[in-house]
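I opened this entry to log what I looked up in the structure, topic by topic.

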Amino acid sequence: MSPSVPLQEMIRAIRSARTQCEERGVIQRECAAIRAQFRQADNGGRSHNLAKLLYVHMLGYPAHFGQMECVRMIASPRYSEKRVGYLGAMMLLDEKQDASLLITNSIKNDLSHSNQYVQSLALCTLACMGSAEMCRDLAPEIDRLLRASNSYIKKKAALCAVHIVRKVHELGELFVPAARSLLSEKNHGVLHGAVVLIIELCEQNPETLERFRKTVPDLVQIMKGLVLSGYSPEHDVAGISDPFLQVSLDPWDQIAACVCDAVQVATNTDSTKTVGNAVLYETVLTVLDIKSESGLRVLAVNILGRFLLNNDRNIRYIAMTSLQKIVGTDHNAVQRHRGTIVDCLKDQDASVKRRALELSLALVSASNIRSMMKELLLFLSSCPPELRAHAASGIFNAAERYAPSQRWHIDTMLHVLITAGGDVRDETVPNLIQLITNASELHCYTVHKLYRALLLDISQQSLVQVACWCIGEYGDLLLKGDCQETEPVQVTEDDALDALETVLQSHMSSPATRGFALTATMKLSTRITDNVDRIRSIVSIYGSCIDVELQQRAVEYNALFRKYDHMRAAVLERMPVIEKNSPGHTNGESTGEAVKDVPTAKMKQGEPLLLQHEDRSDHPPGPAVDCLVSGLSVHAAGTAGGDLLDLLGGFEPAELSPGEPLSVTHTHTHTLV
């Protein structure tokens, strides 16, 4: 490739490269030619070469060797070279590089140039990459240009002043008088720059805000003129008069707490076009962010409600995002659009579905819990996998907070477990078990319903765990079959054991689920009469299980059968009612406190032994007996106490002389199974 090829030819050669290696070769040859020409003292194609180097930089290749050439071209008296030089400075230089300091004097000279386009280049470069030192040196020049008679220069100077204020906050006072005078301009570009500058000054200094409150009538008049003015070809965008200036005025209304023009904007802006929706959205944000009257806030919510009916998914998304922020303060106003929000759950876009789900969950209340839950459960059955866990968690929280009855609460949780049992949180199982335990009048109904669900599907692990627990606890109620709350189902002892054995043998069952099923099988040994030998054989099989936890449970259960059969009924009796706010538990979650050792108990010979356990529901399932005697004080006198200690700790009790105290420290933890 010849070093003098035009920019278009270089671009064509790069695009025609078939491989990345070929492209790198083209660029390396061209960069070498550009370097050689940069070294020449008399180079007539400097701007041409720098333009090619900037294109190479845009492709991601190194172009830092052109920085000094940018500095030299900025100092050139020719506009064609100065233009490319300033463009290169904005792309290749930043405030962290020393080379940027070399152009400060050139920018200062060009700010006083007689050509407005040269002044514009200097202003744009300073606003793009000016450092704090450059801003301090050139701020007086910018203030002078803000008072110039040329509107083209004033609008660029205003935006340059915004950059200076952001870089050096204390220079804001310098631009206050000029910024106020710009509000009397007729040029919309100057007005736009002035409004942006005033907003920046007010945000940086609260005292400046008080000084600019006097200009509120002027701003309101500008806004009214934009809203009520007729067609203006110069400023019209899709039928909206200068939407850019309207949008920039809305944040100023927010800072000045002036909302008298918000109603006119909301009622006179066309909402059928994207440009009008942008203006309306900024107006809504202004109304919601200031302390406006309730009627105006309802108007803002209604505008967002109209956005929900828009065919554009982006507009629906921002509407639901805004409604999500205000649903806590304007709940009743948002409730009016509940039907539209629920319909958005059927949208094909995943982002819109997520926002609609979050907003729907926030709209659930005691008055609409049944209707909203019906829609949410319908959505759960068909929602994407990535939303299922969030939907299930939200339904659980809403049901716990607003449940009209315990039976409805249990039915709702069971429905979620049947639909999305594999996506629920870990604390769901103990929470539901706690709920079932406290609803004593629904034990028969619940165990029958869970038994039928277990027969239909054993893939949902959370559902299977709750079902196994209930069959183990309330197996006697299941076998009676006289439940009045549901259709009568005759369940035999063999049927119940078959269901539990299916869970134990299923490849879909996790180790924790098998632990639930094995404990439930063991508990049935005290609730049935004819199949105790079958239970004994099932338990003995798992005494050599590869899973250590399951093996330990089976060994301890076998020990109950062989050596401590007289204690089996007491150890396996029904669990007591679980207190919701018991120490160590918060809705099935650990409080996070460290486990403390149970104080040493003193027992004299002949006195009963009280076993103490600490509740730790977040701990993995412990020894089987710990699981079974949770909340149960086992009293045994004489050798019975020694036998139980032998079972729990695996040691023989020492001989005690009369009156000698025995120190027993028991720190086993347990889970609810």
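**Helix 31**

The model is a predicted one, and I read local features at pLDDT of at least 70.

Next I asked which residues of helix 31 (residues 532-541) are buried. I found Val532, Ile535, Ile538 and Val539 to be buried there. Seen down the axis of helix 31, these buried residues fall within an arc of 120°, so they line one face of the helix. Asp533 and Ile541, on the other side of helix 31, are exposed.

**Helix 6**

I repeated the exercise on helix 6 (residues 104-111), where Thr104, Ser106, Ile107, Asp110 and Leu111 are buried. Down the axis of helix 6, the buried residues fall within an arc of 165°, so they too line one face of the helix. Against what do the buried residues of helix 6 pack? I noted helix 4 (67-74), helix 5 (79-92), helix 7 (116-129) and helix 8 (132-146).

**Salt bridges**

I then turned to charge pairs. Side chains of opposite charge can pair when their charged atoms come close. With a cut-off of 4 Å between side-chain nitrogen and carboxyl oxygen, I get a count of 26 salt bridges.

I looked up the pair Arg316 and Asp347, whose side chains meet in a salt bridge at 2.3 Å, N to O. Arg316 lies in helix 18 (residues 313-326) and Asp347 in the loop between helix 20 (338-343) and helix 21 (350-363), so the pair ties together parts that are 31 residues apart in sequence. I checked burial as well: both Arg316 and Asp347 are buried.

I moved on to Arg574 and Asp476, which form a salt bridge at 2.9 Å, N to O. This pair links distant parts of the chain, 98 residues apart. Arg574 sits in the loop between helix 33 (568-571) and strand 3 (601-603), while Asp476 belongs to helix 28 (residues 475-480). I have Arg574 as partly exposed, with a relative accessible area of 35%, and Asp476 as partly exposed at 24%.

Arg553 and Glu549 are four residues apart in helix 32 (residues 548-562), so about one helical turn separates them.

**Cysteines**

How many disulfides does a search of the whole structure find? I got zero. I looked at two cysteines in detail. The closest cysteine sulfur to that of Cys124 is in Cys160, at 8.5 Å, which is too far for a bond. Cys124 counts as partly exposed, at 30% relative accessibility.

Cys470 is likewise in no disulfide, and the nearest cysteine sulfur, that of Cys468, is 9.6 Å away. I have Cys470 as buried, with a relative accessible area of 1%.

How values were computed:
Residues are numbered from 1 along each chain as its sequence is written. This is a predicted model: local features need pLDDT of at least 70, side-chain atom pairs count only at pLDDT 80 or more; totals for chains, interfaces and linings use all residues. Side-chain values use heavy atoms; hydrogens and water are left out. Helices (H or I, at least four residues) and strands (E, at least two) are DSSP runs, numbered from the N terminus. Buried means under 20% relative accessible area, exposed over 50%, partly exposed in between (1.4 Å probe, protein chains only). A disulfide is a pair of cysteine sulfur atoms within 2.5 Å. The arc is that of the directions from the helix axis to the C-beta atoms. Contact means heavy atoms within 4.5 Å.
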